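I opened this notebook to keep track of what I looked up, entry by entry. What follows is in the order in which I went through it.

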Amino acid sequence: MPPFDFQLRTRVVFGDGAFARLGELARELSFTRTLIVSDPGIVATGQVQRAAASLEAESIGSCVFHDFDANPDSAMVEAGRAYAASCGIDSIVALGGGSSLDCAKGINFVLTNGGTIRDYRGFGKAARLMLPSIGVPTTAGTGSEAQSYALISDTETHAKMACGDPKAAFRIAILDPELTLTQPRRVAAITGYDAISHAVESFVTTRRNEVSDLFARDAWRRLDRCYERVLNTPGDAPARGGMLLGAHEAGIAIEQSMLGAAHACANPLTARYGTTHGVAIAVVLPHVVRWNAEHVGDRYAELLSASGRDGGRDPGGRLAERLEQLARAADLPRSLQELGVARAALDGLAADAATQWTGTCNPRPFDAAAALRLYERAY
Ligand SMILES: [Fe+2]
């Protein structure tokens, strides 16, 4: 058994209506004035006002930062830092999808430790304590609320930087399935597929361990069972809960095991074409699973059996088929052509994919030639 060093860094408060406890939980952490980081879409839903009222009821003041988009970059993080400094805050609440949670962590890095977010690329580069924070995901997707990494794009190159430090982890994650009930179908489809890919990839990486396996396997079991239910019946509250917890568990698994070639191939599509992360993932993931199949032993069979499916003689093929079935159910694009990618661009994309750190954790050795083969299959 490979050695591991595991600590759950984030307390999890799960349940319908749990969001109403925000003020009480913030008081437990001694917040007095907090920065709410929330994307403009969430501000429009009224949830930010709910958060502020819940904090206010515990005499906790708040100010709101929402000046960022779906791919928060270093300039947006800097704008958030300047605003936070002018507000005199002692804590942070992140409310929204992965972009809000990542942006909040990014602001925390530069506000407390100085410099720019580029200085924290990698792991463990923050010397000083960071502000206590609470993460409240409103999508079942990235699982960012379970991780000590902030994914921030470089403003100039659009490359995703992973900036991690144990001190950046949220002290508390509030998982309230009710917050995801009104999510548009397309958002649920895209973010949910990303969560599925996290379970599938983290279960087979070269860095996985017994604990990440535990979370990845259970995440897959929940997500495979609940994804289509949420797409077909948006008001299915137990399925919404299953998706939210599954995405969170997959996030815990990533923290230990990282990801694989699907994420390495997806990131250049987002950087060059602005393709939404979960859409890019849906196009490449089944191909990565088929390509990995002979290098993962019985791992894919184990995943299939965790959700009550038979791996048969070709578990990699069967898992890839299931992933294609899920993408079809969600009306997600299935090829690079559908994304508008020119065939002539594949070489350049493959060169970029080979530089993605996450590709180094893939079970089958991954380089530019491998990326090109995968892009060709996905074309
Ligand atoms: Fe992802």
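Predicted model: local features only at pLDDT ≥ 70, side-chain atom pairs only at ≥ 80, totals over all residues.

Residues are numbered from 1 along each chain as its sequence is written, and side-chain values use heavy atoms, with hydrogens and water left out.

**Entry on Leu129**

I looked up Leu129 and, not counting residues up to four places away in sequence, found that it touches Thr112, Asn113 and Lys167. For position I use DSSP runs, numbered from the N terminus, where helices are H or I with at least four residues and strands are E with at least two; on that basis Leu129 sits in the loop between β5 and β6 (133–137). I call a residue buried under 20% relative accessible area, exposed over 50%, and partly exposed in between, with a 1.4 Å probe and protein chains only. Leu129 is exposed, its relative accessible area being 73%.

**Entry on the six-stranded sheet**

In which order do the six strands of the open sheet run? I read β1-β9-β6-β4-β2-β3, with parallel pairing, where two strands pair if DSSP finds at least two bridges between them. The edge strands are β1 (11–14) and β3 (61–65), each of which pairs on one side only. For angles I take axes as lines fitted to C-alpha atoms, for helices over the stretch in contact, and the angles run from 0 to 180 degrees between N-to-C directions. With direction ignored, neighbouring strands of this sheet are turned by 20° against each other on average.

I then followed β1 to strand β9 (residues 172–175), with which it pairs in the parallel sense over four bridges, and I noted Phe14 opposite Leu175 in β9. Helix α3 (residues 47–56) packs on the sheet, where it touches β2 (33–37), β3 and β4 (91–96), and its direction makes about 165° with that of β2. Helix α4 (residues 74–87) lies across β2 and β3 and runs at about 155° to β3.

**Entry on the three-stranded sheet**

A further open sheet has three strands in the order β5-β8-β7, and its pairing is mixed. Because β5 (122–123) and β7 stand at the edges with a single partner strand each, one side of each is left without a neighbour in the sheet. I found β5 and β8 paired in the parallel sense over two bridges, and the bridge partner of Gly122 in β8 is Cys163. Helix α5 (residues 98–113) lies across β7 and β8, running at about 95° to β7.

**Entry on cysteines**

How many disulfides does the structure hold? I found zero, taking a disulfide as a pair of cysteine sulfur atoms within 2.5 Å. For Cys163 the nearest cysteine sulfur, that of Cys103, is 12 Å away, and Cys163 counts as buried at 0% relative accessibility. For Cys361 the nearest cysteine sulfur is that of Cys265, 14 Å away, and Cys361 is buried too, with a relative accessible area of 1%.

I define a nonpolar core as a set of buried Ala, Val, Leu, Ile, Met, Phe, Trp, Tyr and Cys residues joined through side-chain atoms within 4.5 Å. The largest one has 71 residues, and Tyr375 is one of those with the most contacts inside it. A second, separate core of 29 residues includes Val37, Ile107, Met130 and Cys163. Leaving aside neighbours within four places in sequence, I saw Tyr375 in contact with residues including Leu346, Leu349, Ala350 and Ala353.

**Entry on positive phi**

Most residues other than glycine have a negative phi. His158, which is not a glycine, has a positive phi of about 65°; it lies in the loop between β7 (149–153) and β8 (160–164) and is partly exposed at 46% relative accessible area.

How values were computed: Contact = heavy atoms within 4.5 Å.
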